[in-house]
Amino acid sequence: MSIIEIVVPVIGESITEVTLSTWIKEDGAYVELDEIICEFESDKATVEVPAEKGGKLIWVAQEGDDIPIGEVFAKIDTSVSEGAAGSSDVAPTATTAAAQA
């Protein structure tokens, strides 16, 4: 498993923290390189943040969190392929469990 950490980028010289205003991609979703995954807001700017690699997105922070510049807010599991993202997080239903018994 290869997981990379995504940190809050430097937005401006005097900005020390931002608010994670919106997740564009869901937790567990497959993301492509450079695909927009979230938006940060500060008192001076709103910034869209792209994925640094392709893989399964793992949220570390939640919408509304204030996050210091340079802090980890998400991770990407680069060992996951597009068709497999999210599938391991799905719990089997009663019907599925009964069919497997």
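Me: What share of the contacts in the chain between residues at least 6 apart joins residues at least 24 apart in sequence?
Reply: Of the contacts between residues at least 6 apart in sequence, 60% join residues at least 24 apart. Contact means heavy atoms within 4.5 Å. This is a predicted model, where local features need pLDDT of at least 70 and side-chain atom pairs count only at pLDDT 80 or more, while totals for chains, interfaces and linings use all residues. Residues are numbered from 1 along each chain as its sequence is written, and side-chain values use heavy atoms, with hydrogens and water left out.

Me: How many helices and strands does the chain have?
Reply: One helix and eight strands. Both are DSSP runs, numbered from the N terminus: a helix is H or I over at least four residues, a strand is E over at least two. Along the sequence the pattern reads β-β-β-β-β-β-β-β-α.

Me: What makes E2 and E4 a pair?
Reply: Two strands pair if DSSP finds at least two bridges between them. Strand E2 (residues 17–23) and strand E4 (residues 36–41) have four bridges, in the antiparallel sense. They therefore count as paired. Trp23 stands opposite Cys38 in E4.

Me: Which sheet holds E2 and E4?
Reply: An open sheet of four strands, in the order E5-E4-E2-E7, with antiparallel pairing. Strands E5 (46–50) and E7 (66–68) each have a single partner strand, so they stand at the edges, with one side left without a neighbour in the sheet. From one strand to the next, the twist averages 40°. Angles run from 0 to 180 degrees between N-to-C directions, with axes as lines fitted to C-alpha atoms.

Me: How do you know that E3 and E6 pair?
Reply: E3 and E6 share two bridges, in the antiparallel sense. The definition asks for at least two, so they qualify. Val31 stands opposite Gly55 in E6.

Me: Where do E3 and E6 sit in their sheet?
Reply: Their open sheet has four strands in the order E1-E8-E6-E3, paired antiparallel. E1 and E3 are the edge strands, each pairing on one side only. Five bridges join E1 (residues 3–7) to E8 (residues 72–77). Ile6 has Ala74 as its bridge partner in E8. Strand E6 (residues 55–59) joins E8 over four bridges, with Lys56 opposite Asp77.

Me: Why is Ser21 called buried?
Reply: Buried means under 20% relative accessible area, exposed over 50%, and partly exposed in between (1.4 Å probe, protein chains only). Ser21 has 19%, so it counts as buried. Ser21 lies in strand E2. Beyond its neighbours within four places in sequence, Ser21 is in contact with Glu39, Phe40, Glu41 and Glu63.

Me: What makes a set of residues a nonpolar core?
Reply: Its members are buried Ala, Val, Leu, Ile, Met, Phe, Trp, Tyr and Cys residues, joined through side-chain atoms within 4.5 Å. The largest one here has 19 residues, and Leu20, Cys38, Phe40 and Phe73 touch the most other members. E1, E2, E4 and E8 each supply at least two residues of this core.

Me: Why do Glu35 and Lys25 count as a salt bridge?
Reply: A salt bridge needs a side-chain nitrogen of Lys or Arg within 4 Å of a carboxyl oxygen of Asp or Glu. Here the N to O distance is 3.0 Å, so the pair meets the definition. Glu35 lies in the loop between E3 (30–31) and E4, and Lys25 in the loop between E2 and E3, so the pair ties together parts 10 residues apart in sequence. A search of the whole structure finds one salt bridge.

Me: Is Glu35 buried, exposed or partly exposed?
Reply: Its relative accessible area is 25%, so Glu35 is partly exposed.
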